[in-house]
Amino acid sequence: MNRKAAPPAVGSGLASGRERRQIGRVSFGYDFPAIRGIQAGREYYISMCPLRLVPKLFTFDNEELPPELRAQRALNKGRLPEITRYVLDNPDDYCFSAITASIDSDVQFEPLDEDGLLGKLSIPMGAKLIINDGQHRRAAVQRALEENPDLGDESIAVVFFLDLGLERCQQMFADLNRHVVRPSKSIGVLYDHRDDKAVLARLMVLGSDFFKPLVELEGSSLSPRSKRLFTLSAIYNANTALLDRLEIEDRDEARKLAVAWWEAVADHVPEWRLVHQHKMSAGDVRKQFIHTHSTTLVALGRTGNSLLHADSDPKVWRAKLEPLRTLRWGRTEEVWQGRTVINGQVKKGDQNVRLTANAIKTHLGLPLGPEERRAEEQFTPPRGDRR
């Protein structure tokens, strides 16, 4: 595109760079390098803003106003500690997506290239920048700077639109969040290299010839036709229960222990082996039995944790696991009614997990702890069932 450079313009914009003051007919307080674009027929600007300027430049709507008079949702302060710690604990590899904001004042854009797209954006000192998307990032940045001021020279991307009033700002918020899809827990586990439990789940599955073809790595739910038996998120939760408060030297030892436990369990659950050998449909197994569901996997993890705390010798805990082969896992079996299955559906609550683990431990002849005994005392089987 070769067209004549556009003259300095007044419009909407954003940027990142150095602070400055300019005396003239218009007083501009901040200069930012920016790229000018057009979206839906309106100008907008993309730039980088130093983190030290984020708390100064960007504001929230008055949270005391009723929702219909605000341009964004109220700040959820409960989320801030987690986001703040994420930045402070990972200063060398944290990652923030762009802030989107509207400005309620005229700004001046001075093109610096022939196409008039790259230039310098000047924002008045008195301009008000309202965040359309990113208010929690802004608040977390402010808190992080209080603990680590050195972060101030780093930057965050900003997309800036000209403020066209409350209605337009509200519509922008709605549009920006309309198509946001939270990633599944499984793909979050797959891609998380900070969480040791996520790394363990990934290494365990990818390092096991048995489990690798049976675990869905991306989705956290399985379609009826899926050839997988488990989700990675369910394995994550089950491993967390299995290794809770165990003294393990390193990640590789934890992986080997997890693989050994789950493959030993698989030796006593014939349906898992039959699916692995392509002799049974994964969909039929998931439909008829409870042992592929997250509730049961976590319950099995808790059972393994009890065995490993009692004796970590594989010969000992493997021997105590033997009765598992005679446990009937059918969804309609009386033992699971009211514990794992309610009205035909496998439930995921912590109490369901505890009661399911109690049934497994009882079948294996293992003692129940105080909390587990209390759960049994409070448990009322569905009418017509017997303990």
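The model is predicted. It holds 19 salt bridges. Asn305 is buried, and its side chain reaches a backbone oxygen.

- Asn305 lies in helix H11, which spans residues 294–310.
- Its relative accessible area is 8%. Asn305 counts as buried because the cut-off is under 20%.
- The side chain of Asn305 comes to 2.8 Å from the backbone oxygen of Asp244.
- Neighbours within four places in sequence aside, Asn305 contacts Ala241, Leu242, Leu243, Asp244 and Leu246.

**Salt bridges within a helix**

- Asp89 and Arg85 pair through their side chains, at 2.9 Å from N to O.
- Both sit in helix H2 (residues 80–89), four residues apart, so about one helical turn separates Asp89 and Arg85.
- Arg85 is partly exposed, at 37% relative accessible area.
- Asp252 and Lys256 form a salt bridge at 3.3 Å, N to O.
- Asp252 and Lys256 are also four residues apart, in helix H8 (residues 251–267), so about one helical turn lies between them.
- Asp252 is partly exposed, with a relative accessible area of 36%.

**Asp267 and Arg273**

- The side chains of Asp267 and Arg273 meet in a salt bridge at 2.6 Å, N to O.
- Asp267 is partly exposed, at 42% relative accessibility.
- Arg273 is partly exposed too, at 26%.

**A salt-bridge network**

- Salt bridges link Arg302, Asp350, Arg354 and Glu371 in a network.
- Side chains of opposite charge can pair when their charged atoms come close.

Definitions and conventions:
Residues numbered from 1 in each chain as written. Predicted model: local features only at pLDDT ≥ 70, side-chain atom pairs only at ≥ 80, totals over all residues. Heavy atoms only, no water. Helix = DSSP H or I, 4+ residues; strand = E, 2+ residues; numbered from the N terminus. Buried < 20%, exposed > 50% of the residue type's maximum accessible area, 1.4 Å probe, protein only. Polar contact = N/O pair within 3.5 Å; in protein donor to acceptor, adjacent residues only side chain to side chain. Contact = heavy atoms within 4.5 Å. Salt bridge = Lys/Arg side-chain N within 4 Å of Asp/Glu carboxyl O.
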